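Subject: A structure for you to look at

Hi there,

Here is the structure I promised to pass on to you. Have a look around it first, and then read on for what I found.

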Amino acid sequence: MNIKQASIFLSRIALFLIYFWFGLLKVIGQSPAGPMVQNLLSLTTPFMPFGLFIVLFGLFEMLIGVLFIIPGQERKALIVFFLHMITTALPLFMMSEVWTNIMVPTLEGQYIFKNIALVACAITIWASKK
């Protein structure tokens, strides 16, 4: 396995672990992001019950993770991944509680910013499929 193959393999595993694990935490009601998700849901779709939404959102994240490790499913994974990235970036623009000051994110804000690394992994996988 050369360095390019290894980086693609590790990117796929990293995305699987992060998405599956964080999704599972939402499904079982143990996600530390729960309050932030609930607040964002109340701002964007207040008609949906939070309990149902958080489970569906967690399952959606788990699906993204699984798609990244199934050979041949990368394109589907990337499509839903980028949809997810859009929704997870919303708090940066809609919620003041992700900032302690201008350009100083809270722990939750940092949690969102780490998605830049996930995007880099996803782009690596996407580039390998061309």
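This is a predicted model: local features need pLDDT of at least 70, side-chain atom pairs count only at pLDDT 80 or more; totals for chains, interfaces and linings use all residues.

Let's begin with the whole chain. Its secondary structure comes to six helices and two strands, and from the N terminus on, the elements run α-α-α-α-β-β-α-α. The C-alpha trace spans about 45 × 35 × 25 Å along its principal axes. For 130 residues, a compact globule would have a radius of gyration near 14 Å, and the 15 Å of this chain agrees with that. Of those 130 residues, 34% count as buried. If you take the contacts with a separation of 6 or more, residues 24 or more positions apart account for 67% of them.

Now for the aromatic rings. There are eight aromatic pairs in total. One of them joins Phe16 and Phe20, which are stacked, at 5.4 Å centre to centre and with 25° between the planes. Both residues lie in helix α1, four residues apart, or about one turn of the helix. Are Phe16 and Phe20 buried or partly exposed? Phe16 has 19% relative accessibility, under the 20% limit, so Phe16 counts as buried.

Phe57 is buried, with a relative accessible area of 13%.

Tyr19, Phe68, Phe81 and Phe82 form one aromatic cluster. At Tyr111, the charged end of Lys114 sits over the ring, 4.6 Å from its centre.

Next, please find Arg12, which is in helix α1 (residues 3-27). Is Arg12 buried or exposed? Arg12 is buried, because its relative accessible area is 12%. What does the side chain of Arg12 reach? It reaches the backbone oxygen of Phe68 at 3.1 Å, and a polar contact of 2.4 Å joins the side chains of Arg12 and Glu74. Leaving aside residues up to four places away in sequence, Arg12 touches Phe68, Ile69, Ile70, Pro71, Glu74, Ile125 and Lys129.

Glu74 brings us to helix α4 (residues 74-94). At 1.5 Å a residue, its 21 residues should span 30 Å, and the end C-alpha atoms are 31 Å apart, which agrees. The buried residues of α4 include Glu74, Phe81, His84 and Leu92. Which elements do the buried residues of α4 pack against? They pack against α1, α2 (34-44), α3 (50-69), β1 (99-101), α5 (107-113) and α6 (115-128).

Enjoy exploring, and write back with any questions.

Best wishes

Note on methods
Residues are numbered from 1 along each chain as its sequence is written. Side-chain values use heavy atoms; hydrogens and water are left out. Buried means under 20% relative accessible area, exposed over 50%, partly exposed in between (1.4 Å probe, protein chains only). A polar contact is a pair of N or O atoms within 3.5 Å; within protein, one must be able to donate a hydrogen and the other to accept it, and residues adjacent in sequence count only if both atoms are side-chain atoms. Contact means heavy atoms within 4.5 Å. The expected span of a helix is 1.5 Å times one less than its number of residues. Rings of Phe, Tyr and Trp (its six-membered ring) pair if their centres lie within 6.5 Å; planes under 30 degrees apart count as stacked, over 60 as edge-to-face and the rest as tilted. A charge sits over a ring if NZ of Lys or CZ of Arg is within 6 Å of the ring centre and within 35 degrees of the ring normal. The radius of gyration is taken over C-alpha atoms; the globule rule is 2.2 Å times the number of residues to the power 0.38.
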